[in-house]
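Here is a friendly walk through a few labels that turn up when one reads a protein model.

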Amino acid sequence: MAVLEKIRSKSVLLLVVIGVALLAFIIGDFLNSGRSFFGAGTTVAKVDGKKISITDFQRRYEEYNQQLQASNQTVDGAVVQNRVLQDMVTEQLLNEEVEALGIDVTDAEITEAMTGQGAAPAVVQMARQLGLESPAQLHDLIFNPGKYGARDEDVAQVRAQWLEMERNITNQLKFQKVGILLSGAIQANDLDKEAIAADMSTASTVDLVNVPYSSLDNKDFPVSEEELKARYEKEKSQFETEDEIRKIHYIAVNIVPSQADLAKAQALFNKVDSTLRVTTGVESVRNISELTISQRTVRTNDVDAATREFITSASDGAVSAPRFRSDEHSLTKLISRKMDVDSVNVDMLQVQGPKAVQDSILNLLNTGKPFAEVADNKVAGGQQNMWMNMMQMGTDNKSLEAKAKLLSAGKEYFVIDSNDNAALIYRVNEKRAPKQMYEIADVSYKVYPSDETIDNLRAGLQKYIAENNTSKAFTEKAIASGYQALAAEITAESAQINGIEATRKEVQWAFGAEAGSVSPIYDNEGNDKMIAVALDEIIPAGHMPLSDPTVRSIIENKVRNDKKGEKLMADYKGKANDLAGYAKLMNVPVDTAVTVTFSQDFIPVLRNMESKLTAEAPYVKQGSLNGPVKGDQGVFVYQVVKNEKSSTQMTPDQLAQRYSMTLGSAAVSQMAVEILRENKDIVNNLIDFY
C-alpha cells in the first residue's frame with residue numbers, strides 16, 4: 001500500500017511532528033503570555049525531590065534536535081540543552097499544579113483534540129504527511145489496519161507515536177485549564193477600576209526649575225567606605241542572586257586568514273581570472289580544487305543587479321571584474337546566451353503497472369477519456385494544469401532528453417519516462433514565449449586560514465597564558481600583548497559566554513576551577529575562535545557583594561546623590577518666594593507647560609523620571625508653589641499652573657484590560673513560571689553532564 005510505504009519512508013518526519021507536539025505546551029507559553037558525571041549519577045535535575053533522568057532528558061533533546069533539523073535551523077547544542085531542561089522543569093512544576101487542583105481531561109476532549117474538527121495542528125500535519133485525508137482516517141488505519149489490508153506490525157511504530165502525541169496533548173489540555181482558572185481568578189473589581197481611573201484621570205501642567213545632581217562635581221562629595229557599607233546593608237535585597245556567579249575574563253582570538261594567506265589567495269585568483277579571459281568556458285580551471293564553480297542558465301530577474309548589468313552588456317566569453325567580500329574572491333563568466341522557454345503548463349499522470357497497463361492508459365487519454373476519470377483509476381494519479389519551471393530541470397542527459405520532449409511536444413499525451421513497472425505521462429497545454437537566457441558560470445574562492453596561520457595563532461596565545469597564568473596578570477597585560485580581555489559573569493546554567501557559540505566547555509571549566517586560575521586554550525569547538533578564560537572571582541548564591549563594580553557604582557551614586565541633595569536643599573530652601581526667584585537663585589531657566597500625570601514614568605525636560613513630582617503634582621493646589629524638593633535625580637521647585645481631567649476617558653472594559661495587563665491575570669501569566677518556581681527546591685545538574 002502507498003500509505004504504508006509513506007509510513008516507512010516518513011519515520012524521521014514523524015519524529016519531528018512528535019517533537020512539535022511534545023514541546024508545544026511548554027514553548028508556546030502555557031498561559032498565552034505568553035560537576036562530574038558520577039556526582040549527579042543519572043539525575044540531570046530535581047524538582048522538589050522529583051528526578052528528571054538523563055535518559056528522559058536525552059530523548060527530549062534528540063526530539064528537539066530533529067525538529068530543528070527539519071526546519072533547517074542551526075542552534076548551539078548547549079542552548080538547546082538548556083531550553084529542553086527548562087521545559088522539562090516547567091512541565092514538572094505545572095504537573096504539580098494540575099495534580100493539586102484535581103484537573104483532568106475527559107475522553108471527549110481528547111477525542112476532539114486528536115481526531116475532531118479542531119484537531120491539534122501537529123496531528124493534522126502527521127496525517128497529511130502520510131497522504132491521509134484526516135486525523136480520523138489516520139486513527140482508523142492505526143487501530144484497524146486489517147481494514148486497509150495492512151498487518152498490525154506495519155503500523156506499530158506509528159501507533160506508538162500516536163499514543164505519545166495523545167499523552168502530550170492531554171497534558172497540553174490540562175495546562176490550558178490551569179491558565180483559564182488563573183485568568184478567571186484575577187479580575188478587576190469596581191474598586192480596582194476606580195483606582196486606575198483616578199490615577200489616569202488628572203493631568204497637571206506645571207512650571208518648574210531643576211538642578212540635577214549630575215551638575216555638581218563628584219569630587220566635592222567624597223563617600224567613605226563606612227557610608228557605602230551602611231547603604232548597601234540597607235538596600236541589600238536589591239542585589240539578590242539565586243545562583244552562584246563566577247566572574248571571568250576571556251580572550252577570544254578570531255581564527256582568520258593572515259596577510260600571507262590573503263596574498264597567496266589573491267595571486268591564485270589573479271591567475272584564475274587571467275586564464276578564464278583567454279579560454280573558452282571554465283574547463284581550464286576546473287582542476288583547481290580550491291575553486292567553487294556553479295554553472296547555470298539564468299534570466300535577468302534571477303540574478304543581482306551587478307550581475308544583471310554585466311550579462312546584459314557583455315559579449316559571450318566575457319569575464320566580470322573580480323569581487324572580494326568576506327574573505328571570498330568571486331567573478332562571473334558569461335558563456336553564452338540564447339532564446340528559450342522558461343516554463344510550460346502540463347497535465348501529468350503517474351502510472352503504476354507493466355508496459356501493457358502504461359500503453360492502455362496512454363491510449364485512453366489520447367482517445368478522449370477525461371483526465372479526471374483516468375486519474376481516478378487505482379493504478380494512475382496525477383495533476384492537471386501544472387506549471388513546470390524548465391530552468392529547474394537538471395543538466396544530465398536524461399533531464400535534457402525530457403526537456404527536449406516537452407518543448408517539441410504537440411497536444412497529445414506522451415510518455416516522458418518509463419520502466420517495466422511505472423511511467424510518467426505528460427501533455428503540454430501551453431508554452432511560455434521564449435525569453436532571453438544567459439548561461440553563466442559563477443567562480444569563487446573562499447580564503448581560509450592556513451595550518452601555519454592557525455599554528456601561529458595558537459602558539460602566540462599559548463605563550464601568553466603560560467607567561468600570565470593568574471587571572472590578574474591575564475587581564476592586566478592583555479592589551480600590551482595585543483589581546484583584549486573581556487569581562488563576563490556566568491552561572492552553571494550559562495549556555496554561552498557573552499553570546500559566543502560553542503563556549504559551554506569554557507563554562508564547565510570555570511565551575512571546576514579555583515579563583516585566580518587560567519584555562520587551557522579551547523578551539524575546534526564549532527566556532528571560529530581560540531578562547532582562553534581566567535576565573536577572577538566566585539560569588540556564592542545569596543547577594544551580589546559590595547565589591548562588585550556594578551553594585552558599588554549604584555550604591556556610591558545613591559550615597560553621593562543624597563549628599564548633593566542635602567547641600568542643594570540647604571542652599572535654596574526658603575530663600576525665594578516665587579519660581580522666578582528660585583530660577584535666579586539656582587541659575588537655571590524655568591521650564592514651562594510641563595505635563596505630569598500620576599502614571600508617568602518619564603519626564604522629557606528632566607530626561608528621566610522623578611517619582612516625587614509625578615506622585616505630588618496631580619494632587620496639590622492649583623497655583624501653589626512647591627519645594628524645593630529633594631528628588632531622585634535632582635532638587636526642583638514647581639508650581640501647578642492647572643489641573644484638568646484627562647481628555648481620554650477609559651471605558652470599564654478598557655480599565656479592566658489595563659488592570660489585567662499591569663496587576664491582573666495577564667501580568668501574572670507572563671510571570672507564571674517564575675511564580676511557580678518560588679519556594680521550590682530546583683536542582684540543576686546539567687553542568688555535570690554537558
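What follows is a set of questions and answers on this predicted model.

Q: Why is Met-348 called buried?
A: The cut-off for buried is under 20% relative accessible area. Met-348 has a relative accessible area of 18%, so the label buried applies. Met-348 is found in strand β9.

Q: What does Met-348 touch, beyond residues up to four places away in sequence?
A: Contact is counted for heavy atoms within 4.5 Å. By that test Met-348 touches Phe-371, Gly-381, Gly-382, Gln-383, Met-386, Leu-424, Ile-425 and Tyr-426. One of these, Gly-382, is 34 residues apart from Met-348 along the chain, yet their C-alpha atoms are separated by 5.4 Å.

Q: How do you know that β9 and β12 pair?
A: Pairing needs at least two bridges between two strands. Strand β9 (residues 343–352) and strand β12 (residues 422–431) are joined by nine bridges, and they run antiparallel.

Q: What makes β11 a partner of β12?
A: The requirement is again at least two bridges. Strand β11 (residues 414–418) has four bridges to β12, and these strands run antiparallel. Within β12, Tyr-426 is the residue that stands opposite Phe-414. The link between β11 and β12 is a hairpin of three residues.

Q: How do you know that the buried residues of α11 lie on the same side?
A: Helix α11 (residues 225–234) has the buried residues Leu-228, Arg-231 and Tyr-232. They cover an arc of only 105° around the axis, and therefore sit on the same side of α11. The general rule is that an α-helix has 3.6 residues a turn, so residues three or four places apart point the same way. Among the elements covering the buried residues of α11 are β16 (542–543) and α20 (549–572).

Q: Which exposed residues does the other face of α11 carry?
A: Turned away from the buried side are Glu-226, Ala-230, Glu-233 and Lys-234. To be called exposed, a residue needs over 50% relative accessible area.

Q: Why is Asn-524 called exposed?
A: The cut-off is over 50%, and Asn-524 has a relative accessible area of 69%, so it is exposed. Asn-524 is found in the loop between α19 and β15 (529–539).

Q: What makes the phi of Asn-524 worth a look?
A: Most residues other than glycine have a negative phi. Asn-524 is not a glycine, and its phi is near 55°, a positive value. Asn-498 also has a positive phi, of about 50°, although it is not a glycine. You will find Asn-498 in the loop between β14 (486–490) and α19 (504–510).

Q: What is the form of the peptide bond from Gly-627 to Pro-628, cis or trans?
A: Most peptide bonds are trans. Here omega is near 5°, and the bond is cis. Pro-628 is found in strand β18 (residues 625–630).

Q: Which residues line the largest cavity?
A: A lining residue has an atom within 4 Å of a cavity point. The lining consists of Ala-45, Leu-85, Gln-86, Val-89, Glu-493, Arg-677, Ile-682, Val-683 and Asn-684. Two elements, α5 (77–101) and β20 (682–684), each give two or more residues to this lining. By type, five lining residues are nonpolar, two polar and two charged. The volume of the largest cavity is about 40 Å³.

Key
Residues numbered from 1 in each chain as written. Predicted model: local features only at pLDDT ≥ 70, side-chain atom pairs only at ≥ 80, totals over all residues. Heavy atoms only, no water. 1 Å grid on protein atoms, 1.4 Å probe; cavity = no way out; pocket = protein on both sides within 12 Å on 5 of 7 lines; lining within 4 Å. Points joined across faces, edges and corners; volume = space filled by probe spheres on them. Nonpolar A, V, L, I, M, F, W, Y, C, P; charged D, E, K, R; others polar. Buried < 20%, exposed > 50% of the residue type's maximum accessible area, 1.4 Å probe, protein only. Arc of directions from axis to C-beta.
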